[in-house]
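Please read them with the structure open beside you.

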Amino acid sequence: MSQNIAIQAEGLTKRFGDFTAVDGISFEVQKGEIFGFLGANGAGKTTAMRMLCGLSIPTGGKATVAGFDVYRQTEQIKRNIGYMSQKFSLYEDLTVKENIRFYAGIYGKSDAFIKEKTAFLLKELHMESEGSKLVKSLPLGWKQKLAFSVAIFHEPGIVFLDEPTGGVDPVTRREFWNMIYQAAANGITVFVTTHYMDEAEYCNRVSIMVDGRIDALDTPRELKRSLQAASMDEVFLKLARKATRNAD
Amino acid sequence: MPAVVAENIVKRYGKKKDIVEALHGISFQAEQGELFGIIGPDGAGKTSLFRILTTLLLPDGGHATVDGLDVVKDFKQIRNRVGYMPGKFSLYQDLTVAENMEFFATIFNTSIDENYDLVKDIYSQIEPFKDRRAGKLSGGMKQKLALSCALIHRPSILFLDEPTTGVDSVSRKEFWEMLRKLKQQGITILVSTPYMDEASLCDRVALVQSGKLLSVDTPAGVRAAFGKPLLAVRAEKMLPLLNDLKGSGAVADAYPFGEYHHAVMRGNHDITELRQYLEQKGHQQVEIKAVEPDIEDCFMDLMKN
């Protein structure tokens, strides 16, 4: 295993009773890569992600995230990753600055670090005059961009994004991806799920889960070529239609 | 008589200093038997609009009719005629599939048997699980049950609030197939969605953003109104390509669009010139082609202008 690998999974498995949610998946994610993690509802994406984030112990196989073991070093994993989802991101009843201070505080960042970086971040987001406003008063697009910035505020090596752009308008969706590119350019590994197939095109590599297994993993270009598909949407349809198990 | 008429609908939330205007005067009509899409991102006001039209919320301005009936005065009659599937799963989780169906049939003074032909295609897929509690169903099955319950009293108009949000693209296609079959049975369907690609499956669409209508037209009409030349451009290095496209005087706007970037061109553009410009900037394997605008191109154009 080299220093250039952010995530490594080998035969990673999760069984719930006699149901195998994740069925021996193996893959590697390089540092600084934007890795798209696709699959139909119920294919096992969330369960796999929970194991990689140190929130659920596997029942088989092995994996390391940022060099830490998913069985024994879950606390270290949590400290070294960022996480953001469409459903839960920021506290609506806290202000923008309070949210930043809260999350950075959880990760043990110093007051000086928080102060300096908060000012920088608000400037970057053009939100200098919004710092003392409640998050619930912000438009959705701003919230999502802020949530992403908060998820990488403690400068993790890897950030997990679970459908970060669901329901976001098309202009903001592109601004959001621009932020993802910048984070990756700064060396942060991005592990992202999405239902927008155009976004699959923006990933360096894409894996597609079907019935708990990874059925395909490659660059978007190579996936389209090997499956003789015109678009990633077609790639997804060709693979996901083979699924036999029911959605979550 | 149109199935739905909305005239200058306004909705505000909050009090005094803290007022948010969710709908700023929305006007449109949906015809009988039409599959009408309300397309827009979260926060556009789609749910407020649906709740006003289904008589669950009072407008603060304007008026609306559903099947010719006023949404404020005639709310009781409207409730008998519309089916409403909210964005959030709202059936009784502790009742079984069959009990939920019976419950909704009973409150509308009908029975499952009476309207079975209408729901058969959808309900038969979950009938094998009819003794399972609704809370224990998979996402896809919950959706089918919710749709069956919204249909069991044979409504003349069906309101579906974001039925496909968070649903993968295979299941989304299956759901739209179900809608197409329902439409054939003569039911008017108003459906809201944040997914721009679903617009092309509707007879007509209303594009909404921040409580305002950007456009109401057929999908083809929306695309025809774009009115500017559009190019799809690809090269080896996509990120620098985007910046160089934005830096070109011939390009009015450029943004990523799947495996290509889309470049909205100013009037008299020349593909050869653009290619030379990009190659001078050091881009390799430059591919440029003229394309028809997608609904998403149109939506962004309307948002920005």
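**Notes on the predicted model**

1. In chain B, the centres of domain 1 and domain 2, taken over C-alpha atoms, are separated by 38 Å. Domain 1 of chain B covers 4-224 and domain 2 of chain B covers 230-304. Please keep in mind throughout that this is a predicted model.

2. The contact between these two domains draws 10 residues from domain 1 of chain B and eight residues from domain 2 of chain B. On the side of domain 1 of chain B that touches domain 2 of chain B, at least two residues each are supplied by β9 (204-209), β10 (212-217) and α7 (219-224) of chain B, and the largest share, three residues, belongs to α7(B). Sorted by class, that side of domain 1 of chain B holds six nonpolar residues, three polar residues and one charged residue.

3. Turning to chain B as a whole, its secondary structure amounts to 10 helices and 14 strands, and its C-alpha trace spans about 75 × 45 × 40 Å along the principal axes. Of the 305 residues in chain B, 43% are buried.

4. One loop residue of chain B deserves a separate remark. G14(B) is found in the loop that runs between β1 (4-13) and β2 (20-30) of chain B. Is G14(B) buried or exposed? G14(B) counts as exposed because 10 other C-beta atoms lie within 10 Å, and a residue is classed as exposed when that number is 12 or fewer. Once its neighbours within four places in sequence are left aside, G14(B) is in contact with I19(B) and V20(B).

5. Chain A contributes 30 residues to it and chain B contributes 26 residues. On the side of chain A that touches chain B, the elements giving two or more residues are α6 (170-185), α7 (197-200) and α9 (232-240) of chain A, and α6(A) gives the most, with five residues. The residues on that side of chain A divide into 15 nonpolar, seven polar and eight charged.

Technical notes: Residues are numbered from 1 along each chain as its sequence is written. Chains are lettered from A and ligands numbered from 1 in the order in which they are written. This is a predicted model: local features need pLDDT of at least 70, side-chain atom pairs count only at pLDDT 80 or more; totals for chains, interfaces and linings use all residues. Domain bounds come from an automatic or database domain assignment. Two residues are in contact if their C-beta atoms, placed from the backbone, lie within 7 Å. Helices (H or I, at least four residues) and strands (E, at least two) are DSSP runs, numbered from the N terminus. Ala, Val, Leu, Ile, Met, Phe, Trp, Tyr, Cys and Pro count as nonpolar, Asp, Glu, Lys and Arg as charged, and the others, Gly among them, as polar. A residue is buried if 20 or more other C-beta atoms lie within 10 Å of its own, exposed if 12 or fewer, and partly exposed in between; C-beta atoms are placed from the backbone.
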